[in-house]
Amino acid sequence: MDLFARTFQRSIVDVKKLLSFGFREVGGVYEYHAPILEGSFEAEVFYSTDKGFYGRLNDNAVGEEYLLLNVDGVQGDFHNKVRNAFEELLFSIRASCTSTRRYKTEQAERIVKAIKKDYHVDPEWLWGQSFDDPSVFRHKDSLKWFGIIMQVPYSKFGRNDDSLTDVINVKLKPEEICELIKFDGYELAYHMNKKSWLSIILDDSQDDKEILSLIAKSYSLTERK
């Protein structure tokens, strides 16, 4: 993961704040230029909706890009000074122009907001507070879970892809699970009873309305009788 990807991981960009910070929009790309280390270097930072943040650092003494910026393991006082100065600029942009998304996928963020609106329930992190830890949703009276969101590699569902995605596990009747797993985005539950729980991949394979209808069924099945 390069410096930009690490710095702006799960960041939600406010374009108005980019412009206020000093970015200018050129053909759908927002760009920002700033001197580094008293003008010895020039930072070029770009943002677009399809690429996110990216950029380069130019060494003005030689008129070329400073390519060591993203090379791991490079040491030395001068290099560390250059890298730290560039990182400080990126951290300033992140703090001034973005907010942090708690979940990996945008659909997971939308689903969490809908659960809050419909059931007045916030996610709970029972095993830790990092981005990678699962969060659960449970009834306030019975304390039973009706949903759990976790990060799972696609490969766990038989796909040739080790990248992570958010999934939500919901409780359903066995016959419903048997039917749903025939369609994209629905899988036998990861890390839970596969007869009564279903994993829904939150990567927009299914629309929010359909997912929320299944969450409603899970909520009903797990409420106090």
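This is a predicted model: local features need pLDDT of at least 70, side-chain atom pairs count only at pLDDT 80 or more; totals for chains, interfaces and linings use all residues.
Glu179 has a relative accessible area of 44%, so I put it down as partly exposed. I then looked up its partner: the side chain of Glu179 meets that of Lys182 in a salt bridge, 3.2 Å from N to O. Lys182 has 60% relative accessibility and therefore counts as exposed.

**Other salt bridges**

I checked the total next, and the count comes to 11 salt bridges. Side chains of opposite charge can pair when their charged atoms come close.

I looked at Lys116 and Asp122, whose side chains meet at 3.3 Å, N to O. Lys116 is partly exposed because its relative accessibility is 39%. Asp122 is at 42%, so partly exposed as well.

Arg138 and Glu124 were my next pair, with a salt bridge of 2.8 Å from N to O. Which parts does this pair tie together? Arg138 lies in strand S8, and Glu124 lies in the loop between helix H4 (106-119) and S8, so the bridge ties together parts 14 residues apart in sequence. I noted 22% relative accessible area for Arg138, which makes it partly exposed. Glu124 is at 27% and also counts as partly exposed.

I also found a network: salt bridges link Arg110, Asp204 and Asp208.

**Sheet S2 to S6**

I traced an open sheet of 5 strands in the order S2-S3-S4-S5-S6, paired antiparallel. Strands S2 (24-26) and S6 (64-65) stand at the edges; each has a single partner strand, so one side of each has no neighbour in the sheet.

I went through the pairs in turn. S3 (residues 29-36) and S4 (residues 41-48) are antiparallel, with 7 bridges. Here I marked Pro35 opposite Glu42 in S4.

S4 and S5 are antiparallel too, joined by 8 bridges. Phe46 has Tyr54 in S5 as its bridge partner. The hairpin from S4 to S5 runs through 3 residues.

S5 and S6 have 2 bridges in the antiparallel sense. I noted Asp59 opposite Glu64 in S6. Their hairpin has 4 residues between the strands, and Gly63 in the turn shows a positive phi of about 70°.

I compared the length of helix H3 with expectation. Its 21 residues (77-97), at 1.5 Å a residue, should span 30 Å; the end C-alpha atoms are 30 Å apart, which agrees.

Which residues of H3 are buried? I listed His79, Val82, Arg83, Ala85, Phe86, Glu87, Leu89, Leu90, Ile93 and Cys97. An α-helix has 3.6 residues a turn, so residues three or four places apart point the same way.

I then turned to the largest nonpolar core, which has 24 residues. Phe23, Val45, Phe53, Leu57, Phe86, Leu89 and Ile93 touch the most other members. Helix H1 (3-7), S3, S4, S5 and H3 each supply at least two residues of this core. H3 gives the largest share, 7 residues.

Leaving out residues up to four places away in sequence, Phe86 touches Leu3, Phe4, Ala43, Arg56, Leu57 and Leu69.

I also recorded a second, separate core of 23 residues. Val112, Val121, Val170 and Ile177 are among them.

**Sheet S8 to S12**

My last entry covers an open sheet of 5 strands in the order S8-S9-S10-S12-S11, with antiparallel pairing. The edge strands are S8 (135-138) and S11 (186-188), and each pairs on one side only. On average, neighbouring strands of this sheet are turned by 30° against each other, direction ignored.

I checked S9 (residues 145-153) against S10 (residues 164-171): they run antiparallel and 6 bridges join them. Ile148 stands opposite Asn169 in S10.

What lies across this sheet's strands S9, S10, S11 and S12 (197-201)? I found helix H6 (residues 208-222) there, running at about 45° to S10.

Note on methods:
Residues are numbered from 1 along each chain as its sequence is written. Side-chain values use heavy atoms; hydrogens and water are left out. The expected span of a helix is 1.5 Å times one less than its number of residues. Buried means under 20% relative accessible area, exposed over 50%, partly exposed in between (1.4 Å probe, protein chains only). Two strands pair if DSSP finds at least two bridges between them. Axes are lines fitted to C-alpha atoms, for helices over the stretch in contact, and angles run from 0 to 180 degrees between N-to-C directions. Contact means heavy atoms within 4.5 Å. A salt bridge is a side-chain nitrogen of Lys or Arg within 4 Å of a carboxyl oxygen of Asp or Glu. A nonpolar core is a set of buried Ala, Val, Leu, Ile, Met, Phe, Trp, Tyr and Cys residues joined through side-chain atoms within 4.5 Å.
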